Each structure stands twice: as C-alpha cells, then as structure tokens.
Amino acid sequence: MTDPEEHVRNLAAEALAGANPTGWFERLYAEADAGDAVVPWDRGSPHRLLVRWTQNKRLHGEGKRALVVGCGLGEDAEFVSAFGYDTFAFDVSATAIRNARERFPSTKVRYRTADLLDPPDNWPGSFDLVVESLTVQSLPDSLRDSAIGQVSEMVGPGGTLVVIAAVWEERAEPEPGPPWPLTKAEVEAFATGSLRAATIEEVVDAGPPETHRWLAEFHRPRKRN
Ligand SMILES: C[S@@+](CC[C@H](N)C(=O)[O-])C[C@H]1O[C@@H](n2cnc3c(N)ncnc32)[C@H](O)[C@@H]1O
C-alpha cells in the first residue's frame, strides 16, 4: 500500500485538477472502508490538543449545543458529547458519517453529512461551543477565507470556538499539501464580526509526528456589538 500521506496528496491533487477540491475526502473514506487505504488522521481517540484544551476548564455542556466541524470518524464529537453538550457533528463525506455512526452505535451525537462551505441555514449563530480541528488546513487556499468565515459564523452569543491547526511559519517554503498549515494571520482571521481571540498559542504536539500547532480559543460576547 502507498504511504498514506502520499496517497492523500495524490488524491487531493487529482481532485484539485478536476476542480472538485473537497471530492477526495469521500474517495479516501470509501477506499478505507473497503480496506484499500488508511485515513492518516484516524487516531482512534480525540485529538490530544482538544483534550488538553478541556483540562482545567470545568466544561458543563448541559442545556448547551456544540458543533464539531469536519468530524471524520467521530472521536472528537464523542469526547465533546461526554461533557453533556447536545452535540452536532458533520462531515462532507457520507462514508465518514456512516462509519462514525457504526463506530459509536449508542451515540447521542447528531451526525450528518453537510458541507462547511454551504451549511444548513439554521446553524449560524446557534452553537455554544464550536470545535474546528484540522479541517480548514485540509482545504486549499482558494476556499480558506470562506471556510474560516463559515466556522466563525456558527458561534452563537456567549459561545466559544476552539481551533486546532498546523503552524505555517510565514517565511518557510510552502510544502505540497494537504495539509496546508495556517499562518498566524489566518488563525487571527477567525475573529470576524464580534468574535474575539482569547488565546492563540503555538504548541508542540508530541505526535507522532511531532508537529507545531495552533491551539486557539475565541469568544463571542453575549450581546452582539
Ligand atoms: C484532516 S481531516 C480532520 C478530521 C478531524 N476533524 C480530526 O481532527 O481528526 C479533515 C476532515 O474535514 C472533512 N471536510 C473537509 N472539507 C469539508 C467541508 N467542506 N465540509 C465538511 N467537512 C469537510 C473531511 O472529510 C475530513 O474528515
């Protein structure tokens, strides 16, 4: 089997050449479902930095709604749901969503297939917690502004957004993606409208592989300015 990261880059390159930049996700998940490929980000556990973010936070999700963007196989969504949030989780890949439901048969998470770039009308402004882990970095430059804007829009009054993404040092030579890491300015760009950055940290994610990542938290005031 080809190296999983290289396979992802090949699939993405074909999809980009065919002007269908998100089409490769479904192909990859379907191949993995058939046992013909590996999903490189399938850790079988929630993201380490999401776990770290929740530590010392005393999260109480009862009576609140959470949204997990590009949820893949559901590990982060299940983790968030365990804090009591009414948790919605979506992915552009129908196979990923089917596999997430199969992986967690007694889940309380509301999984659905949806496109971040064209989300359901009743989602913007309706979540108390939004988790964006590694999805924006998997989209090419041409879609980035729109993807960042859509993620931010989901956060309701008094809500919080958590962003996890690989760091692109602005002076570094761009590498063939995906992933296409984010610059600090791109992370700051999540602060649109009344959404404000609370913390933007560059942290070492022990991996493997060891990676520098942004771990950022944003808040929307209860009353819009
Ligand atoms: C690199 S994976 C990260 C998965 C998961 N968030 C994690 O941290 O392990 C990116 C995920 O975003 C999904 N995705 C990509 N573009 C999307 C879009 N436009 N709308 C919804 N999901 C999308 C992919 O199918 C994939 O599951």
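Predicted model: local features only at pLDDT ≥ 70, side-chain atom pairs only at ≥ 80, totals over all residues.
Residues are numbered from 1 along each chain as its sequence is written, and side-chain values use heavy atoms, with hydrogens and water left out.

The second largest pocket holds about 190 Å³ of space. Of its 13 lining residues, Lys64, Tyr85, Asp128, Gly158 and Thr160 sit closest to the centre. Strands S4 (127-133) and S5 (155-166) each give at least two residues to the lining, and S5 has the largest share, with three. Here a pocket is an open set of points on a 1 Å grid over the protein atoms alone, where a 1.4 Å probe fits, with protein on both sides within 12 Å along at least five of seven lines; lining residues have an atom within 4 Å of a point. Its volume is the space filled by probe spheres set on the points, which are joined across faces, edges and corners.

Now for the helices (DSSP runs of H or I, at least four residues; strands are E runs of at least two, and both are numbered from the N terminus). The axes of H1 (residues 4-17) and H2 (residues 23-33) come within 9 Å and cross at roughly 140°, with axes fitted to C-alpha atoms over the stretch in contact and angles running from 0 to 180 degrees between N-to-C directions. H1 and H2 are therefore oblique to each other (under 35 degrees is roughly parallel, over 145 roughly antiparallel, 65 to 115 roughly perpendicular, and the rest oblique). On the H1 side, the contact (heavy atoms within 4.5 Å) uses His7, Val8, Leu11, Ala12, Glu14 and Ala15, and on the H2 side Trp24, Arg27, Leu28 and Glu31. Six of these residues are nonpolar, one is polar and three are charged.

H2 also packs against H5 (residues 94-103), at about 45° and with the axes 7 Å apart, so H2 is oblique to H5 as well. In this pairing, Glu26, Tyr29, Ala30 and Asp33 of H2 meet Ala94, Thr95, Ala96, Arg98 and Asn99 of H5.

Two backbone details turn up in loops. Ala19, in the loop between H1 and H2, has a positive phi of about 55° despite not being a glycine. Pro178 and Pro179 are joined by a cis peptide bond, with omega about 0°, and Pro179 lies in the loop between S5 and helix H7 (184-188).

Definitions and conventions: Nonpolar A, V, L, I, M, F, W, Y, C, P; charged D, E, K, R; others polar.
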